[in-house]
Amino acid sequence: MQAQLQVISSYSLLHSPAKLTEIVDQAKKLGYKAIALTDINNLYGSIDFYKYARKAGIKPIIGLTVETQGLIDNQNSYPLILLARNNSGYQNLIKISSMVMSAKESLDLITLELYLKDVFVITPASGAEIIAIDDKRDYIQKLLELIDKEALYLGVGIYSEQLDNVRVIKDVSKLNGLKMAALGDVRYIKADDHLAYQVVNYLRTGQHFDNLEQVVETGDHYLRPATDFMSDFSEVDMTDAVENTGYIADQCNVEIEFKETELPEFETPDGKSSIQFLTELTQRGLNKRLVGQIPKEYVQRLDYELGVIDKMGFSDYFLIVWDVIKHAHEVGIKTGPGRGSAAGSLVSYCLGITQVDPIKYDLLFERFLNPQRVNMPDIDLDLPDNRRDEMVMYMHDKYGSDHMAQIITFGTLAAKMALRDIARTFSQTQFQMSQWSNAIPKKLNITLQESFDESSALRNLVNNSRENELIYQVAKRIEGIPRHYSKHAAGIVLSKKKMTDIVAVQLEDDGINLTQQTKNNVESVGLLKMDFLGLKNLTILDKAIQIISRDYGREFIPEKIPLNDPKTLKLFQRGATDGVFQFESDGIRSVLRRLVPTSFDDIVATNALYRPGPMQNIATFIARKHGQEPVTYPDKSLEDLLRPTYGILVYQEQVMQASSQMANFSLADADILRRAISKKNEKLIEENRQKFINGAIGQGHSKESAEKVYQYIEKFGNYGFNKSHAVAYSMIAFWLAYIKVHFADAFFACLLNSNLNNENKVSTYVQDAKDQQIKILNVDINQSSYEFSSTNKAIRFGLLSVKGMRRDLAQSIVEQREKNGPFTSALNFLQRIDPRFVKNDYLEPLILAGAFDSFNKNRKELLYDFRDLIESIQLAGSNLSLFDVLDPKKHEVDDFTLTERLNQEKEYLGVYVSGHPVERYRSKLLNISTKKISELKMIQNISVKILGLIKNLRVIRTKKGQRMCFMTIEDESGSISVTIFPKVFKGLKIWN
């Protein structure tokens, strides 16, 4: 069997440019029947490689190049190639990789002895310990104490540096009676990929080319044609080594098992079955939700859902999720009201997993869990982003390292990053690297080829020199390969069996394992994936709840907010939804102002409609709501169903209900139709067409009417949005909007803190707060906390709002204040804080921002006083008498001008806290109506006047010698860029 047994891919991060698909495709093309993947220490690519090779019709051999301490020379690490002979061997590779990748230091081979069974062990043809040491017999003896002799082969190669070792390996083979195996040591696909190989290794090691003479464009570690590989070895009398390679390949037979999720068994009390315990919990929860007054409809729905869940074997899953939510609430972590179709489940509502009553909002269980489609239910959990890690740690502590892990993801080399990285290895300057970056069009996921086709700047750069041409060629070669790994932002996995019986893991610094497989692969081998999503808006909500509860002396419970609150609805009608989850964009705010929502249902519909596709129905929806267009229905029988959305199919649930009502589809069948329309599955759509028509005729409808409705469903069904998700997320939005209206100071303090490092957002939200009559207080050395704080309808800037403020300095200030009371003077402040912070660079931003105004409102005097005091303290050290002698005098000078003070506030706080310069003039323009800059994006096709401060003015001359200019105009609400062309510029007297 023609095979290559030593091949590394780009998953040996920054060791090779070879992509898995390229390896398999090229091996197939070059006549190989089997190909191994032997990445360094990890199994990152193993499952994708296995799947793709099987699909391509070539035998995949799962292997590993493991680096361990030498058996003789234990001061250095050496590689060994391990190949799985069977499934047991594959499991052993999983355990070996997990151990090696989790170890902080290089392991010795003896530690891995238990797992060296059912694998072939091959010493590499270069870099192996057998080559590096003198006592080769002792090495072989020690190695054979760990593995069976028939499993050990001496790798031999005849390319590049391998050639020097052939005689040594032959001698060892003869003296010890060991067989040799022919190795190609494949590190890239084609001979001219050598430069790309060299570059990725330089990226890893930090090396660089000093000149083009060091560049080697071709090399020997490429994938040769199978016939060439065999004949090359035959020519040097090593046919037996090639035959041994074929034998090994023939003996390696791994079958990776792909299966449905295997749920861990939830530990229930008193030996109850999971369905018994689940039933108890839901019945108790329903009784609590409805305060003992339970309509028959709820009892029937709950029984139905529990029956489906039990039949499909998902009871343990619901208990696992219930336990997570229960723990979150016990430790005071606010969870979202629901996400996705899970809000359509009454069981989820009764368990407290969701906060949406599915019967009240007409949500369907079958949209979430279809009894005719055996798929795992998917309940994603929304958590405050600042507390997500606590919940991940809870899962780790509850299920243990053997059964819980986080999920790996890979950062790849995109076009811009690839060019910058490679330019660095060619010793190009920062300026040159920026040229490469700036030459790539600003488009998401644009490729290098697309960039080259679109960007003349990139073409010119590439053609500028041979060096640049090489940089571009290599960038194209390595574009898209993994550069580094990281943790999936949301996903964790749980396993029924021991995790390392299924996938390899690696222990991270946080003490939690990380799977070596990405999210799709971990699910495909039976692990339970759960998503814990950190939402910034839930952090805002959570902190606002805490502030309101503290300030009003009673617990504030957003679930009790009336969803018909008039003031909150008016906020939506005005489109004043800055900072409100899902309703912040200019586009959706414009829709709100045109729609004028008068109910929570209108807000849900807006959320569902404002998406690609459904957007085309917005104008019709608004016109019908306001009576500007008649409300029509595809069939009279659907009037009740479509009346709330003015005859328009807005939700996926409506597609399902229409099929059920008119054609007598079960809701499970209706869900299959919905999916077919959503996925554009023409075969299923056609199959369901006749079924729908026959069903509708059976219900007493005409064939013509049935065909009309089916066409309507087919046309608009694809635009339907998941109503369960829309209701749940609109609920978060309404809660936040309610807090913005009724507890504005708490809302804005939390909103500002969540955007502390975003100057534009801070400026926008500060102005929004001012517009709501919230007083904005400057940073104060005795009043400010770390972050923004709210008190008595006012918001005060925090110490960390000051640019350049060190967190440890802010901590020192607050702790000193809490321990010993307010600071009384500049000298008192300097004497009490940690001496390492007594430096002008640290304290002058605080002075110029106004933090010490309570000591002296003249900031220039304060600045000079502080400088003299700091100098005296530094000279005197701990010598108090010397400090008294130095006795710095207080300065008496005129303060900075108002404009200077405001500009300093802007520089160090990002906003004009004491008032924007423009505000003084706006009040004097009694007869002139002006618009604020922040309002401009909501105005179209009309002329308006604005009042602003001109900044960054740049006057240029055109090719015709005419003057024009560019400028930024700024007011208290924001800034815009303005271009004044020659004709207008000429008429502006101020510059003439």
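**Entry 1: Ser801**

Is Ser801 buried or exposed? I looked up Ser801 and found that it is buried, with a relative accessible area of 11%. I note the cut-offs here: buried means under 20% relative accessible area, exposed means over 50%, and partly exposed lies in between, with a 1.4 Å probe and protein chains only. Ser801 sits in the loop between β16 (794-796) and α35 (807-820). Helices (H or I, at least four residues) and strands (E, at least two) are DSSP runs, numbered from the N terminus. I then listed the contacts of Ser801, where contact means heavy atoms within 4.5 Å. With neighbours within four places in sequence left aside, Ser801 touches Leu756, Phe788, Tyr908 and Leu909.

**Entry 2: the model and the whole chain**

I record that this is a predicted model, in which local features need pLDDT of at least 70 and side-chain atom pairs count only at pLDDT 80 or more, while totals for chains, interfaces and linings use all residues. Residues are numbered from 1 along each chain as its sequence is written, and side-chain values use heavy atoms, with hydrogens and water left out.

The C-alpha trace spans about 100 × 100 × 75 Å along its principal axes. Of the 992 residues, 55% count as buried. I also looked up contacts between residues at least 6 apart in sequence: 70% of them join residues at least 24 apart.

I turned to strand β6 (residues 152-156), where 5 of its 5 residues are buried. Leu152, Leu154 and Val156 lie on one side, Tyr153 and Gly155 on the other, and both faces are covered.

Which strands pair with β6? Two strands pair if DSSP finds at least two bridges between them. Strand β5 (residues 119-123) runs parallel to β6 and is joined to it by 3 bridges. Strand β7 (residues 179-182) also pairs with β6 in the parallel sense, over 4 bridges. I followed Leu154 in both directions: Leu154 is the bridge partner of Thr123, and Met180 in β7 is the bridge partner of Leu154.

I then traced the chain from β6 through helix α6 (residues 166-176) to β7, and these make a right-handed β-α-β unit. Right-handed means that, with the strands pointing away from the viewer, the path from the first strand over the helix to the second runs clockwise.

**Entry 3: helices α7 and α20**

How do the axes of α7 and α20 cross? The axes of helix α7 (residues 194-205) and helix α20 (residues 466-478) come within 9 Å and cross at roughly 85°. The two helices are therefore roughly perpendicular to each other. On this scale, angles under 35 degrees count as roughly parallel, over 145 as roughly antiparallel, 65 to 115 as roughly perpendicular and the rest as oblique. Axes are lines fitted to C-alpha atoms, for helices over the stretch in contact, and angles run from 0 to 180 degrees between N-to-C directions.

From α7, the contact is made by Leu195, Ala196, Val199 and Val200; from α20, by Leu470, Val474, Arg477 and Ile478. I sorted these residues into 7 nonpolar, no polar and 1 charged. Here Ala, Val, Leu, Ile, Met, Phe, Trp, Tyr, Cys and Pro count as nonpolar, Asp, Glu, Lys and Arg as charged, and the others, Gly among them, as polar.

Gly219 lies in the loop between α7 and α8 (226-235). At 17% relative accessibility, I counted Gly219 as buried. Not counting residues up to four places away in sequence, Gly219 touches Tyr188, Ala191 and His194.

I found 9 of the 10 residues of helix α25 (residues 600-609) buried, so α25 is largely enclosed by the rest of the structure. The buried residues of α25 pack against α23 (566-574), α24 (586-595), α26 (618-625) and α32 (723-742).

Helix α33 (residues 744-754) is mostly covered, with 10 of its 11 residues buried. Among them are Phe747, Phe748 and Cys750. The partners of these buried residues include α32, α34 (759-771) and β16.

**Entry 4: an open sheet**

Last, I looked up an open sheet of 3 strands in the order β17-β18-β19, with antiparallel pairing. β17 (949-957) and β19 (974-980) stand at the edges with a single partner strand each, so one side of each is left without a neighbour in the sheet. β17 is joined to strand β18 (residues 963-971) by 7 bridges. Arg954 stands opposite Phe966 in β18.
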